[in-house]
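Student: Could you walk me through this model with a few questions and answers? I would like to see how each value is reached.

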Amino acid sequence: LTASAWIEAKPYGEWCAKNPQVIAMDCEMCETADPVSGFKDSRALCRISVVDVTTNEVLLDTLVKPAWPVSDYRTWVNGIGAENLENVQFTLRHAQAFMLKLCSEETVIMGHALQNDLAAIRMIHHSVADSAYLFPVKDQPNASISLKDLTKSVLGVDMPKTHDSVNDTRMSMECLKHWLKHDGKVDSIVREEKATYGL
């Protein structure tokens with residue numbers, strides 16, 4: 001049971017020949033509850049940011065009005081509160097329509113722990129580059145790294161406590177560019193014992 005149907009990008013063709021070949025994406029999420037069944041959606045989309053990796057241009061950055069009433073805004077994580085979403089008209093279906101016009105099945109989507117972002121926009125996509133899994137974690141070969149630890153180690157950047165999806169998108173993108181520049185031969189990342197940013 002979800003608030004919206006899932007989508008999948010179409011095959012590459014003339015329709016998307018001038019679109020970016022590589023984009024980066026990050027989403028902010030809240031928790032919503034179906035007022036009839038009480039079913040809770042813990043990954044309800046409330047903001048989406050998409051960046052063209054080649055030009056660094058922000059292609060989309062908008063708050064998103066969830067279909068169901070919000071049961072937990074998670075403002076401490078995403079900085080989004082009730083007052084921010086009150087007059088928002090952009091919905092999940094709008095976000096899906098945007099992605100379907102932007103992406104073919106060959107479009108590479110960059111991001112961090114992308115399975116969460118793709119679940120939030122209800123999109124099935126296989127051409128991905130995920131910074132949470134490409135970097136080895138010191139002494140933990142099967143672990144994934146938080147974006148906080150990754151950016152500190154690779155870029156020397158401290159992430160803010162509150163998530164910002166445009167900033168998260170760009171930081172993940174820069175880490176992935178570092179990985180590509182070194183052909184995947186990158187140093188192991190040390191995880192903080194209490195990682196509080198990202199997954």
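Student: How far apart are the mean positions of the positive and negative charges of the chain?

Tutor: Happy to start there, with a predicted model in which local features need pLDDT of at least 70, side-chain atom pairs count only at pLDDT 80 or more, and totals for chains, interfaces and linings use all residues. Residues are numbered from 1 along each chain as its sequence is written, and side-chain values use heavy atoms, leaving out hydrogens and water. Lys and Arg count as positive and Asp and Glu as negative, without His and the chain ends, each charge being placed at NZ of Lys, CZ of Arg, CG of Asp or CD of Glu. For the 20 positive and 27 negative charges, the distance between the mean positions is 1 Å.

Student: How many disulfides does a search of the whole structure find?

Tutor: A disulfide here is a pair of cysteine sulfur atoms within 2.5 Å. The sulfur of Cys-30 has its closest cysteine sulfur in Cys-46, at 4.2 Å, which is too far for a bond. For Cys-103 the closest is in Cys-16, and 9.1 Å is also too far. The number of disulfides found is 0.

Student: Is Cys-103 buried or exposed?

Tutor: Relative accessible area decides this: under 20% is buried, over 50% exposed, and in between partly exposed (1.4 Å probe, protein chains only). The value for Cys-103 is 0%, so Cys-103 is buried.

Student: Which helices are included in what covers the buried residues of H6?

Tutor: Helices (H or I, at least four residues) are DSSP runs, as are strands (E, at least two), numbered from the N terminus. Helix H6 covers residues 147-154, and its buried residues are Leu-147, Asp-149, Leu-150, Thr-151 and Val-154. Their cover includes helix H5 (131-134) and helix H7 (165-181).

Student: Where does Ala-113 lie?

Tutor: Most residues other than glycine have a negative phi. Ala-113 is not a glycine, yet its phi is positive, about 55°. With 4% relative accessibility, Ala-113 counts as buried. Its place is the loop between strand E6 (108-111) and helix H4 (114-120).

Student: And what is the place of Arg-122?

Tutor: Arg-122 is a residue other than glycine with a positive phi, near 55°. Its relative accessibility is 5%, so Arg-122 counts as buried. Arg-122 sits in the loop between H4 and strand E7 (123-124).

How values were computed
Contact means heavy atoms within 4.5 Å.
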